[in-house]
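Hello,

Here is the structure I promised to pass on to you. My notes on what turned up in it follow below.

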Amino acid sequence: METDDLILYLGEDWSKVNALIRSVLHSDVGLLDNINNRLLRNSGKMLRPMLTICMARAANGGVSCDGTLRNAASVEILHNATLLHDDVADNADTRRGIPTLMSELGAVPAVLVGDFWLARSVGLISESKHLSWGLHEYARTLTDLAEGEMLQQEKAFKADTTVDDYLRIIHCKTASLFMTACRAGIKSVDGTDELLDAAGRFGRALGMAFQIRDDVLDYAGDSSTGKPVGIDLKEQKITLPLLGALAASEHEKEIRKMIQDIPEHPEYCEKIHNFVLENGGVEYAGRKLEAFEDEALAALEAFPASRDRDVLAYLVNKNSSRRT
């Protein structure tokens, strides 16, 4: 099953979510509307709204509802708002193989457009019958996102990231929104507390595995996919492949000092990259990734057998082999 097959399977739900996203992001300010349309033309995999829809269907006999579609649109808009802000924090030149808004127009427009998208995301859930629950859930996620980014910034400066630090960072920056996407699907169809809990465990585990895969690709990928390689080291981020290599080496102190000195010695990036590959860092991260994927699949056992549960399992299994 490929992405086109998934979209075909999601059918009218998918069409409605995309139409809703475009509708709520429309603005009569010409510059803003043009930027929004350009960003939408270059949207990513839209995995999070897929999770919301499939979770709702899996809990409700294959049927979604208006609240499901609102939450699916909301999590996708929120996700892209955070990417716009991340590009400013990271001073990123490209994303998904194209120039970022930050690189083309500067930090101020990128932040303002991100704020606009964030406000529209919250606006969507404000009309939900589960308003109180939704506000609490989204507030938790936004808190996690901010804390995760600040912790990552702090650790990049000190070059003292531990495995526990790394796991907290990726929980906050990635897995937290996966959890919200999955839990919102269950809540939208008034699913049981048992399924709400299982959806949260599934979303967190898949989100952790998803980010670890991204971090592996930063060492073991290639630029032909449109995803730049080696960006984490340039930004002095210590991710799981590097942590795995450090654990297997007697040169941890030396390598961490090199990471601190990357701004003055960018040539260190290649040396550290080779160090990771030569000391089993990619394989170490791969084992951790598989453990989180197993955890996600185990969480799905709480759901009755269905095509939607199979699709959720497929999305887990596909993660290990994706190249973007």
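Let me start with the second largest pocket, whose volume is about 200 Å³. On a 1 Å grid over the protein atoms alone, a pocket is an open set of points where a 1.4 Å probe fits, with protein on both sides within 12 Å along at least five of seven lines; lining residues have an atom within 4 Å of a point. Grid points are joined across faces, edges and corners, and the volume is the space filled by probe spheres set on them.

Please keep in mind that this is a predicted model, in which local features need pLDDT of at least 70 and side-chain atom pairs count only at pLDDT 80 or more, while totals for chains, interfaces and linings use all residues. Residues are numbered from 1 along each chain as its sequence is written, and side-chain values use heavy atoms, with hydrogens and water left out.

The pocket lining includes Thr3, Lys45, Phe210, Leu315 and Arg322. Helix 15 gives the most to this lining, with three residues. (Helices are DSSP runs of H or I, at least four residues, numbered from the N terminus.)

Helix 15 covers residues 307-319; at 1.5 Å a residue its 13 residues should span 18 Å, and its end C-alpha atoms are 19 Å apart, which agrees. The expected span is 1.5 Å times one less than the number of residues.

Arg322 lies in the segment after helix 15. Its relative accessible area is 10%, so Arg322 is buried. The Arg322 side chain reaches the backbone oxygen of Phe210 at 2.6 Å. Leaving aside neighbours within four places in sequence, Arg322 is in contact (heavy atoms within 4.5 Å) with Phe210, Arg213, Asp214 and Leu217.

Elsewhere, Glu137 sits in helix 7 (residues 131-158). Glu137 counts as buried because its relative accessibility is 3%. Its side chain makes a polar contact with the side chain of Arg183 at 2.8 Å; such a contact is a pair of N or O atoms within 3.5 Å, where within protein one must be able to donate a hydrogen and the other to accept it, and residues adjacent in sequence count only if both atoms are side-chain atoms.

Best wishes

How values were computed
Helix = DSSP H or I, 4+ residues; strand = E, 2+ residues; numbered from the N terminus. Buried < 20%, exposed > 50% of the residue type's maximum accessible area, 1.4 Å probe, protein only.
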